[in-house]
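Thanks for making the time this morning. I would like to walk through one model with you, going from backbone details to the sheet and then to the helices.

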Amino acid sequence: MIKKVKIVTKTKECSSIVRHIMSQKEKVISIDGEGVNLGPSGPMTLLQFGTTEENVFIFDLLSCPQLMEDGGLKDLLESDEILKRRALRVAHDCRSDSGALYHQFGVVLSNVFDTQAAHAVLQQQDAGKPVYKVKNISLNTLCSTYGGPVNPRKDQMKSLYRRDQKFWSRRPLTEDMIFHAAFDVYCLLPAVYYNIKSLLRPESLSMLNDLCYEQLMTYIRPEDVKSSKKQRKIDMEVLDLKHKLNSAHSKQVVLSNREIRLLRYLELSPQDRAKIEGTPKVAKKLERPRSRGNSNDSGSLHSGSGNAEDDNFSEDSSVDGTGDYDDHLSNKGDYDISESNYSSFSDPFTSYTSPAHSLSNYRVSTPELILNGNSDQFSSWSPGGSSCGGMNCCTCECHKKLPMSPKPLKLQTAQKL
């Protein structure tokens with residue numbers, strides 16, 4: 001693999017590679033990034049591309065950040081031309097990569113086939129496990145599951161990460177750094193992507209589109225993503241509850257507190273009410289959601305009305321806080337950790353400052369990092385930093401809400417995958 005890796009630090013060479021990729025028909029590339037605490041507040045220092053011919057290109061964004069604009073990488077990552085030519089960008093858990101690209105360079109990734117999302121869809125499709133209950137899996141586990149090569153140096157790299165938080169800002173690149181960065185895209189093509197693609201049924205493509213879009217927008221439009229995931233979870237649980245009520249043959253059906261709260265999304269028949277109002281205790285619990293439903297609920301499955309406290313369902317920790325698909329894994333599932341050892345993931349849905357400030361600050365500070373060779377500045381660098389002192393201190397409109405982001409891919413697009 002190392003013999004097929006090319007390190008790119010010149011804009012002219014980068015432009016040539018981008019033109020070659022853009023000129024291909026039916027082209028699929030794998031992408032990944034490395035950085036210092038990679039994410040919306042951690043800079044990306046390397047960007048890797050892999051091809052179906054098993055060539056790997058590593059773009060050194062720390063040494064030459066101009067590769068993104070002048071080298072054409074931004075055009076490649078955002079271009080609809082790739083979409084029209086039925087090519088895809090394949091990535092494993094692209095949340096941190098997408099967040100870093102957006103807040104650091106203003107890049108909004110599109111047309112991404114996220115293998116983490118695809119794995120969750122397959123679990124629901126084949127095992128009937130809702131996507132919000134599917135745990136994230138590491139890249140090595142994904143590859144071993146779907147027939148790709150496994151990184152033999154993963155444990156070694158994990159040890160290096162723990163000892164050196166600024167590992168990916170060190171230069172020159174060592175053989176270990178090159179090997180690890182290259183392997184993360186090399187392993188996805190061609191076997192893993194095509195094997196997963198072959199397992200997906202047409203009826204699952206719409207769900208895959210939605211999940212991939214949410215992966216991309218996790219650190220760009222976090223509140224929208226949170227709302228979308230929450231509504232999907234409620235919809236699926238309501239469907240399960242309807243099935244439970246319809247299939248019950250006994251005179252009484254025992255409901256949990258969570259299921260009682262979900263009743264406000266249903267229009268209950270007299271027969272259904274007779275099944276669940278068997279005891280005064282249950283009847284009392286039903287009275288609250290019933291009265292709320294009469295006052296401000298439409299009874300629609302997708303209404304989403306009511307107070308936030310009624311939708312949280314905090315009593316069900318197995319769904320809401322123990323490493324499910326909808327929770328955040330800050331390391332992108334990159335380390336080869338068994339699913340049983342995952343701890344609760346942190347909540348990714350926090351607010352971030354305007355990308356205009358993060359982008360401006362990074363582009364001003366980056367040349368100093370390169371010219372002075374001072375990678376230690378990454379410890380204090382933040383794309384959310386701003387010289388503004390308040391809401392009315394400037395005219396750059398930096399304190400306004402983020403602009404509307406691209407809409408999810410349509411179903412007909414997914415059917416071309």
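This is a predicted model: local features need pLDDT of at least 70, side-chain atom pairs count only at pLDDT 80 or more; totals for chains, interfaces and linings use all residues.

**Backbone, sheet and helices**

Let me begin with Asn37, which is found in strand β2, residues 28-39. A second residue other than glycine with a positive phi is Glu54, where the value is near 70°. Glu54 is found in the loop between β3 (42-51) and β4 (56-60), and because its relative accessibility is 28%, Glu54 counts as partly exposed.

Staying with the backbone, there are two cis peptide bonds to point out. One runs from Arg171 to Pro172, with omega near 5°, and Pro172 has its place in the loop between α8 (154-163) and α9 (175-186). The other joins Leu189 and Pro190, with omega at about 0°, and here the proline sits in a helix, namely α10, residues 188-199.

Now to the sheet. In what order do the strands of the open sheet come? There are 6 strands, ordered β1-β4-β3-β2-β5-β6, and the pairing is mixed. At the edges stand β1 (5-8) and β6 (112-114), and because each has a single partner strand, one side of each is left without a neighbour in the sheet. From one strand to the next, the twist averages 25°. As a reminder, strands of a sheet pair through backbone hydrogen bonds, and they do so either parallel or antiparallel. For β1 and β4 the sense is parallel, over 4 bridges, and in this pair Val8 has Phe59 in β4 as its bridge partner.

Two helices lie across this part of the sheet. Both α1 and α9 lie across β1, β2, β3 and β4, with α1 running at about 130° to β1 and α9 running at about 135° to β2.

Which residues of α1 are buried? They are Cys14, Ser15, Ile17, Val18, Ile21 and Met22. These residues cover an arc of only 165° around the axis, and therefore lie on the same side of α1. On the other side of α1, Lys12 and Arg19 are exposed.

Helix α12, residues 222-247, has 26 residues and reaches 38 Å from its first C-alpha to its last, close to the 38 Å expected at 1.5 Å a residue.

I will finish with Thr115, which lies in helix α6, residues 115-127. Is Thr115 buried or exposed? With a relative accessible area of 0%, Thr115 is buried. If we leave aside its neighbours within four places in sequence, Thr115 is in contact with Val90, Ala91, His92, Leu142, Leu188 and Ile196.

Terms used. Residues are numbered from 1 along each chain as its sequence is written. Side-chain values use heavy atoms; hydrogens and water are left out. The expected span of a helix is 1.5 Å times one less than its number of residues. Buried means under 20% relative accessible area, exposed over 50%, partly exposed in between (1.4 Å probe, protein chains only). The arc is that of the directions from the helix axis to the C-beta atoms. Contact means heavy atoms within 4.5 Å. Two strands pair if DSSP finds at least two bridges between them. Axes are lines fitted to C-alpha atoms, for helices over the stretch in contact, and angles run from 0 to 180 degrees between N-to-C directions.
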